[in-house]
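Reader: I want to learn to read a fold from its overall build down to its sheet. Can you walk me through one?

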Amino acid sequence: MRAFRFAHTSLGATIPVTAIPAPEPIGRDWAWGGATGRGVRVCIVDSGVDASHPLVGGHTTTYAVAEAEAGWTIEPDEAGDVAGHGTACAGIIRSLAPDCELTSIRVLARNLRGNGDALLTALEWAVEQGFPLVNVSLSTRREPLKERLHDLTDRAFFRGVTLVSAAHNSPVVSYPWRFPSVISVGSHEVEDGEYLESNPSPPVDFFALGVNVRVAWPGGGSKIVSGNSFATPHVVGLCARVLERHPEFRTPQLKHVLAAVSNNQVTTTDQAVGADVTAAPTGSRPC
Amino acid sequence: MLATAHDEILRSTVRLARLSFSAAAASVFLYDPERDALVFEASSGVGEDQLVGVAIPADRGIAGWVANTGEPIVIRGVSDDARFNRDFAAGTGLLPDIIMATPVEHAGEVLGVLEVLDPQLDAIGDMAAIDLLTELANQSCAALSLLIADRRMHANRTEVDGPVAQLAALLDRADPAREAAVRDLITALVKLVG
């Protein structure tokens, strides 16, 4: 029996290899064999990061969004992680891409009416800085921000900045994960951080481990957590590996490679022996 | 009476949340925009109501994350988090190991956070529990929003110089011979604000 029921999670649907435009199979060795994310700059837009945590460590720089009279700004930050969530995401990325360069932007706002602006400010900065990968394990439901976020994710797409964005844990519409210009991520419960499912029924693009994940927590310890927030950094970590091997890749190429190395592909022969792809019309719980 | 109903809804919500999960405690924070803080409004179980009225910054901790993102969350292993326990245990005496939290949301706006401490999740699983807690929060929020709307309507009616009172006075004084004009006015008002 399925033990998890939050929204935008895998139902175990398969994807036919014929849906992936590759004349020959694309293997993980070709995609990232031996890569550790070395030299790849990864930005985490979240609650901050405890850079001293042994599971995070390494090359980590921290900033925060601050509200000033003239508007929102990005400032260097020494406060660390004020909620724990960002450290959890950073530890997951490090577990898959230990040599990537992490930059954290803390976006939690004391004024809840302004938290959408804080998110936009952080994402705009990340795009301006040209980070090839941005982990966005949060979203907003504010409709007035939709158009600005849409323009921003398009700008990121054209600039070669890949936003990897968590689908909401509840069956609601939120952004930016629903935009096709980002890589959107939901959860599966296979206890393997490298196990990846390609979703035959978007808007969620991929499913990664997001259930009962042991994660780093501020102060040096660890916690067990569940949610699409924690599936997302698994995809970021794998993308960092790919970008070490293929630094010229952008969002469409990364989506293609991830689909090509996904674990839920089936061949025509597989389908004939029982994997009924057409009987799995949805790959995730609906929104 | 309305303040009592407001408190009753919150008290019932936290009690129902605690009982639903056989939890040690449940509590609800509401966002106070004047202080930019989450204010502890009601709790049920261990340390019941000892923290009522206490305000915490809306950009800190698990409650701050949930309030900022609108995302529900379950975290296990909190008991070894010295920072959390020092602050919380000082107020309640409770050292929880599991925290489950969900936003109290209305029309996409986060109004607060509902938390359950040490829920019994083995029988139903973490995320089925989140589903249930989220629905409890939604129900509570729907009741609160009805109450707030009712309060606004009540205030409009009872305010001496309010628009409802002014309109009633005007209509009371209206010449019976001008009944047709009054009807036209009502039709126009319905179109304008209906």
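Author: We go from the whole chain to the sheet and its helices. Keep in mind that this is a predicted model.

Reader: What helices and strands does chain A have?

Author: Chain A has 7 helices and 13 strands.

Reader: How do I judge the radius of gyration of chain A?

Author: Compare it with a rule for globules. With 287 residues, a compact globule would come near 19 Å; chain A has 18 Å, so the two agree. Along its principal axes, the C-alpha trace spans about 65 × 40 × 40 Å. Of the 287 residues, 54% are buried.

Reader: What share of the contacts joins residues 24 or more positions apart?

Author: In chain A, 76% of the contacts with a separation of 6 or more.

Reader: How do strands of a sheet pair?

Author: Through backbone hydrogen bonds, either parallel or antiparallel. Here, chain A has an open sheet of 9 strands with mixed pairing, in the order β4-β3-β5-β2-β6-β7-β8-β10-β9. Its edge strands, β4 (71-76) and β9 (197-198) of chain A, each pair on one side only.

Reader: How do β7 and β8 of chain A run, parallel or antiparallel?

Author: Parallel, with 3 bridges joining β7 (residues 162-166) to β8 (residues 183-188). For example, A:Ser165 has A:Ser184 in β8(A) as its bridge partner.

Reader: Which strands does helix α5 of chain A touch?

Author: Helix α5 (residues 228-245) packs on the sheet against β2, β6, β7, β8 and β10 of chain A. Its direction makes about 155° with that of β7(A). Helix α6 (residues 251-260) of chain A lies across β7, β8, β9 and β10, at about 25° to β8(A).

How values were computed:
Residues numbered from 1 in each chain as written. Chains lettered and ligands numbered in written order. Predicted model: local features only at pLDDT ≥ 70, side-chain atom pairs only at ≥ 80, totals over all residues. Helix = DSSP H or I, 4+ residues; strand = E, 2+ residues; numbered from the N terminus. Rg over C-alpha atoms; globule rule 2.2 N^0.38 Å. Buried ≥ 20, exposed ≤ 12 C-beta atoms within 10 Å, placed from the backbone. Contact = placed C-beta atoms within 7 Å. Pairing = 2+ DSSP bridges. Axes fitted to C-alpha atoms, helices over the stretch in contact; angles between N-to-C directions.
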